[in-house]
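Hi,

Here is the structure I promised to send over. Have a look at it, and then read on for my notes.

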Amino acid sequence: MISVQSSGNVVAGMAVTLMASLRGAALHTLLRTLLAIATGACAFSVAAAQAPGPVQAPAQGAAAAGAEQPGEHTPIIRAIQVQGNQRIEADTVASYLVVQPGQQADDQLLDLGLKTLFNTGLFSDVQLNMLDDGTLRIEVEENPIVNRVILEGNKRVKDDKITEEVQLTARSVFTRAKVQSDVQRIIEVYRRTGRFAAEVTPKVTPLEQNRVDVIYEIDEGPKTGVAKINFIGNEAFSSNALRGEILTKESRWWRFFSSNANYDPDRLEYERDLLRQFYARNGYADFQVVSAIAELTPDREDFFITFSVDEGPQYTVGEVRVKTTLDRLDETALESIVPIRTGETFDGDKVKSATESITFATGALGYAFVDVRSRLERNPDTKTVDIIFQVNEGPRVYVEKINIKGNTRTLDKVIRREVRLAEGDAFNRVLVDRSKARIRSLQYFSEVEIEEKPGSGPDRTEVDVTVEEQSTGSFSVGVGVSSTENFIVDFSIQERNLMGRGQFLQLRAQASSRTRQIDLRFTQPYFLDRNLAAGFSIFNTRTDFREVGIIRNRVGFGLNAGFQISEYGRGSLQYQLARDNITFDQISNRTFPIGTDPMDVLVDGASPTAPPVTGTDAFGEPALIIQAETCDFLVNSFSSSCSSRGRFITSLIGYSVQFDTRDDPIDPTRGWQLQFSQGFAGLGGDVNYIRNEGLAASYQRLFGGFVLRTRFRGGYISGYAGDDVRVQDRFFEGASTFRGFEVAGVGPRFISEQSFIDRNGQLVGTQAIGAKIYAIGTAEIRLPLPLPKEYGIRAAIFTDFGTVGLVDERDKIVNDNISLFVDPDGDGIFVEPVQDDLSVRISAGVSVSWDSPFGPVRFDIAEVFRKEDYDRTEGFRFSAGTNF
């Protein structure tokens, strides 16, 4: 009896491949040939091909009568018998062999078949035995089937993070090799989270029907921190400055929320690149990280990370040239758009920006396939670097297909219309990045990824746009508090992606201590499938301008249309028709000298609402107290608030343009934004004015994760056709628009005889009357916090500066009557009732915001450094809300 057995798992890929295409004598002959060559045989003979016989060999008599007999020492396989199989059919097991009944039982072919069976992974043991009667017996022991995989002891890493890494799953074939591989995979998962002391112990529990439970007992161990980050070879920048440039941070108690205060080997290469970028931005074009070494402490709880760097010299820019082999491109014109000038410090980011600018410019001139490469020519003697941009025709690659994936609700066309590439266009990486930013700005998706993959040819590529849908509709009842509104109750039904078509619909009702509002809004962003937005709004609001002393009830509707101007620009047209009812129903008590006739201090036809009484004024002196409607007092009747009483129809038509190049519309770190709007009231109605407003903002990434935002806003409104600007149409600034000041706390004010200086030194009892002009600037630096981004906590330091003022001369008519001047602080110095000064105001402070699970929370702490005496300030402002 011949016996062939093996205890190892040996790859036999050649045999498996051959078996897929050949069977029988042809396969037998070919394999013998290959084996003979492999063993160095010099000659071989090819037996005549025989038709393969059935699994059971023919009777011995028939074989003796007509079959050709083989050599004396190699038996013939008469039959194949399979033993030990439970789940796998016998014919399936036999099919993995390279011999069949009627063929010779060649040792080399049997050994190859044995290895092939092991390579399937289905068996833990296989033996081949050739019996004396010519039967080839295959004895197998099947690997068990995994019933379930159990994880025990994992608290810091969720089950799904581990199960997506391991090979063994329920109903898969169990092998010990897979178990050992899974152990290493789980350990690697923990190492990526900073737990290098994690240990995994596998256990196998046998079950009936050749099944097993696989249990991974996990000892997570302590989180491995970073004890110290050291730098060797740095001279231009301190080690502390370099630590601020990399992602990994030293473990400190206040960084308990941070996921970067641990060692991650995958992050180390990224840290090298961050250091290269930082030095390149500061002129060190030759900088390199010689080595980055992480050493584990003996207690296996912390790492010491050491970067060895070679800074090289700091370079300034020498010559900047653009060279091209393309006939229609003007090298001088291309050089003019390069944002790099001779003599300035070399900046690697500017080189990248210049490359993108040249790519855009050449594309606009019709060159879709350009290859822009920058070459640096260093001059060590002068420590200058010449920058040459070589513009050549690049490989022609076209977009063959754009695939939209993951949009379970949003229609394909809603996403496709934001993609700046179309099928058949030349592939452009800059346009791919722009497409991603536009899709993110829709705020329909939590994740947006755009990847390219090879197409059907070398000049073809496919673009995969993968999105992950997020909730775009809400039904909410919100409550909140703020330092300006006291309380807020908000009810709204909103859908930003109606029926997956990208349409916006909102029904909102809001009530607060100063505002009651209900409005319905609808916008179709692509009206008639064109790049034209159209929408309407219907509203009814009641606003208590308590700083002004008026109440406005407004009812009306609006129409709007928006259109694309350029890739980064958009314009819109608006029309609004509204009816305002301005009321002033307050009752006031005013003090006058004893013996004053009430008719002398009230307007014609007015009378006191109660009999005059004797009392004292704000300074304790005897006085006559007269009670009447506020606007019935002669001194108040000339005020802007009282002159704005009545019903008015406003018919307003306007337009706006805006340009936005920010890299991210939600959390920008670079780019700029421009807006300008103009409105004309007087197309019918009772009100005539022209309103102009503008905004300019810039975002710039600084060192260490800091982001600088500068913003300037301005506006001017003026009446025409004999109309002055009514108080409700003027600009009111303060609170969130000018931090450090109350709502409408900065700008022109009306001071009455009832006004006085309180114990905090603020002038109270005044009324804001609004301004015709404002100009406000903001410089804000967003701070990098040692907290995960998903916590939604942001902080910034800021300064606001600007001016607010200017009212019509008719509003200052009371200033012409010296008898109406007031002495609010009782020092004998009388001042004009209408205070209006275009002086500069300045404030600075800290702002903290949190997108909490309960709603947005914001704190503003500000100090005012320059103001007018009549301005109203506030050092702290808080707002919060919740949805349920």
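Below are some notes on backbone angles, strand pairing and a surface patch.

First, the ground rules. This is a predicted model, so local features need pLDDT of at least 70 and side-chain atom pairs count only at pLDDT 80 or more, while totals for chains, interfaces and linings use all residues. Residues are numbered from 1 along each chain as its sequence is written, and side-chain values use heavy atoms, with hydrogens and water left out.

Helices (DSSP runs of H or I, at least four residues) and strands (DSSP runs of E, at least two) are numbered from the N terminus.

**Positive phi**

Most residues other than glycine have a negative phi. R171 has a positive phi, near 75°. You'll find R171 in the loop that links helix 6 (159-163) and helix 7 (176-192). R171 counts as exposed, at 72% relative accessibility; the classes here are buried under 20% relative accessible area, exposed over 50% and partly exposed in between, with a 1.4 Å probe and protein chains only.

Q209 also isn't a glycine, and its phi is positive at about 60°. Q209 is in the loop between strand 6 (199-207) and strand 7 (211-219), and is exposed with a relative accessible area of 65%.

**Around strand 10**

Pairing here means that DSSP finds at least two bridges between two strands. Strand 10 (residues 302-310) pairs in the parallel sense with strand 8 (residues 225-232), over seven bridges; I229 stands opposite I305 of strand 10. Strand 9 (residues 288-296) runs antiparallel to strand 10, with eight bridges joining the two. Q288 has D310 in strand 10 as its bridge partner. The hairpin of strand 9 and strand 10 has five residues between the strands, and R300 takes a positive phi there, near 60°.

**A nonpolar patch**

Further along, a nonpolar surface patch has about 770 Å² of accessible area together, and its residues include L785, Y791, W850 and F876. Patch residues have over 30% relative accessible area and no salt bridge; like charges are joined within 9 Å, and nonpolar side chains (Val, Leu, Ile, Met, Phe, Trp, Tyr) within 5 Å. A salt bridge is a side-chain nitrogen of Lys or Arg within 4 Å of a carboxyl oxygen of Asp or Glu. Areas are from the Shrake-Rupley method with a 1.4 Å probe, and for residues only the protein chains shown count as cover.

Which element gives the largest share of the patch? Strand 36 does, with three residues. F876 is in strand 38 (residues 876-883) and is partly exposed, at 44% relative accessible area.

Cheers
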